[in-house]
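Trainee: I am new to this structure and would like to go through it step by step. Could we begin with the terms?

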Amino acid sequence: MASLKSSPAWKALEAHRKKTAGLHMRDLFADEKDRFDAMSVGLGGLFLDYSKNSVSAETFALLIDLADEADVEGWRRRMAAGEEINATEGRPALHMALRDPGAGKEIIAARKDMERICNGIRDGKMTGATGKPFQAVVNLGTGGSHLGPAMVVGALKAFRDGPDIHFVCNVDGAQIAQILDGLVPETTLFITASKSFTTEETLTNARTARSWLSEAVGDGVGDGAGAHFIAVTANAGAAKDFGIGEDRIIALPEGVGGRFSVWSGVGLAAALALGWENFEAMLSGAHDMDRHFLESPLDANMPVILGVIGIWNIDFLGAEALAVLPYDEGLGLLPNYLRQLEMESNGKSIGRDGTALEAGGAPIVFGEPGTGGQHAFYQALHQGRRLIASDFIVPLRTHHPTGDHHQRLLANAFAQSEALMMGRPGDKNGDKQPPHRAFEGNRPSNTILMDRVDPFTLGQLIALYEHKVFVQAIIWGINPFDQWGVELGKELAAAILPEVLGRAASGDHDSSTRGLIARARNAQEGKQS
């Protein structure tokens, strides 16, 4: 792969950055009366305002040149065509196909299985071992197979009319124990979501769930604990060995990574909570964004714009983090969801050609909904020494109209983005401000308006960020669809577990790890460390 920093587009941006150093967004808004109209784009229920970034028309044109030079258009075609763009694992990236009405037979078959199971459980026709309908569903997954459905269920609470949904993602026994404590085995269903069906956290929790069920309903496949499990996996054989019947297995394509999997059977918990029609509406919203991403020119393309603006903020302005700021309580898990999407996809220092990256890589992503965050970390956004970019996500209408609460929420969101941009000079209108009351401003932010949070617009929003991450990966030269950095810790944990259990002598570890293992074993044996 050619050197990114020596490319003509990158060099042009570096020269432009030097030329515009010291330019303040206040000046851009003063000079460009139509800046908001020129730097905003809408699609259905979403509207992106990117005018509050340190970007002029010239900057934007140079950023689009960068995307063009990186062949974003070619790469998006390759992804849509199902080519093996995940080179390190020899796989395509099939998340767009999952929401495509015209997808291939295997994906359509899995979608139909999901619909059949969803409707069967919601209608009470698919039951547990004792014939009682399921009243509670526990999703057993981790990473994307947890965060995706959990985020959707929380975001679309206003549309929920199905069974109670619970989520277990941690191998810490406290989590599953607390959830099982309030449930009835005969009316509880478990969704085990694991592509390999070997994920240690998920399978440990699944075994605990099966033991809990077996005490009440037995351990049979169709007439015992197995009747209380649905598997979402690419390893149907392992699911059957676990005791799950073939009619309760939803196939998960190998070409779908966990953080891109909410559109598949991994989203079953969300479909059960919302109903199949609402889940399909979410697929339709994502597909709408897919069409926009594939068909719109780069300079009018919402994911491309969000992606290149992010590159400008990270690589040319030095932003180290991205704050995701949803002004909607239901979107409380969205920052966590996007944190995984960005940091697991692009949190890399090696490019897809095997060489060290010259630039880029995921920023630190964090956030919190609404005005709560304003009283927690916004101080650092406004006056901290580190530059942090922000994405405000603001529904214009609420499902819970209560007095003027929503209007106040909107006022806070718009005021915060204005304050980050404008700042407050130390000397304004002849009034000298003490240093601690002066705000530099010039802090970049995007504002994404949603008509309201509904299945269609949520699908659009999630797909928008998926494609934004892809655009940035292509420009930086990253493969965003693998996650080898996750593997080493898993391998070492598998080796250390027998030592913690006392079944093996301490292995060849550093002195710190040996000491920690010894203290853990002593604590379990009731000895003093």
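Mentor: Let us begin with burial: a residue is buried under 20% relative accessible area, exposed over 50%, and partly exposed in between, using a 1.4 Å probe and protein chains only. This is a predicted model, in which local features need pLDDT of at least 70 and side-chain atom pairs count only at pLDDT 80 or more, while totals for chains, interfaces and linings use all residues. Residues are numbered from 1 along each chain as its sequence is written, and side-chain values use heavy atoms, with hydrogens and water left out.

Trainee: Is cysteine 118 buried or exposed, then?

Mentor: Cysteine 118 counts as buried because its relative accessibility is 0%. Cysteine 169 has a relative accessible area of 22%, so that residue is partly exposed.

Trainee: How many disulfides are there?

Mentor: A disulfide is a pair of cysteine sulfur atoms within 2.5 Å, and by this rule the count is 0.

Trainee: Back to cysteine 118. Which residues of α7 and α13 meet?

Mentor: Helices are DSSP runs of H or I with at least four residues, strands are runs of E with at least two, and both are numbered from the N terminus. Contact means heavy atoms within 4.5 Å. On the α7 side the residues are Arg111, Met114, Glu115, Cys118 and Asn119, and they meet Trp276, Phe279 and Leu283 of α13.

Trainee: What classes of residue make up that contact?

Mentor: The contact of α7 with α13 has 5 nonpolar, 1 polar and 2 charged residues. In this scheme Ala, Val, Leu, Ile, Met, Phe, Trp, Tyr, Cys and Pro count as nonpolar, Asp, Glu, Lys and Arg as charged, and the others, Gly among them, as polar.

Trainee: At what angle do α7 and α13 pack?

Mentor: The angle is about 150 degrees, and the axes of α7 and α13 (residues 276–295) are 10 Å apart. Axes are lines fitted to C-alpha atoms, for helices over the stretch in contact, and angles run from 0 to 180 degrees between N-to-C directions.

Trainee: Changing topic: how many cavities of 30 Å³ or more does the structure hold?

Mentor: There are 3 of them. On a 1 Å grid over the protein atoms alone, a cavity is a set of points where a 1.4 Å probe fits but cannot get out, whereas a pocket is an open set with protein on both sides within 12 Å along at least five of seven lines; lining residues have an atom within 4 Å of a point. Grid points are joined across faces, edges and corners, and a volume is the space filled by probe spheres set on the points.

Trainee: What is the volume of the largest cavity, and which residues are closest to its centre?

Mentor: Its volume is about 130 Å³. The largest cavity is lined by 18 residues, and Gly310, Asn313, Leu322, Ala389 and Lys468 are the closest to its centre. The largest share of this lining, 4 residues, comes from α14.

Trainee: And the second largest cavity, how much space lies in it?

Mentor: About 90 Å³. Its lining includes Arg111 and Met114, two residues that also take part in the contact with α13. Helix α7 gives the most to this lining, with 4 residues.

Trainee: What about open sites: how much space lies in the largest pocket?

Mentor: The largest pocket holds about 1200 Å³. Of its 47 lining residues, Ser196, Thr199, Val486, Glu487 and Lys490 are the closest to the centre. Helix α20 gives the most, with 7 residues, and the lining has 18 nonpolar, 19 polar and 10 charged residues.

Trainee: Which residues lie nearest the centre of the second largest pocket?

Mentor: They are Asp328, Glu329, Gly330, Thr398 and His400, out of 25 lining residues. This pocket has about 550 Å³ of space, and α8 supplies the largest share of its lining, 4 residues.

Trainee: Where does leucine 333 lie?

Mentor: Leucine 333 is in the loop between β8 (321–326) and α15 (334–346). With 31% relative accessibility, leucine 333 counts as partly exposed. Leaving out residues up to four places away in sequence, leucine 333 touches Ala150 and Met151.

Trainee: One last point: what is phi of aspartate 71?

Mentor: Phi of aspartate 71 is near 65 degrees, a positive value in a residue other than glycine. Aspartate 71 sits in the loop between α4 (57–69) and α5 (72–80).
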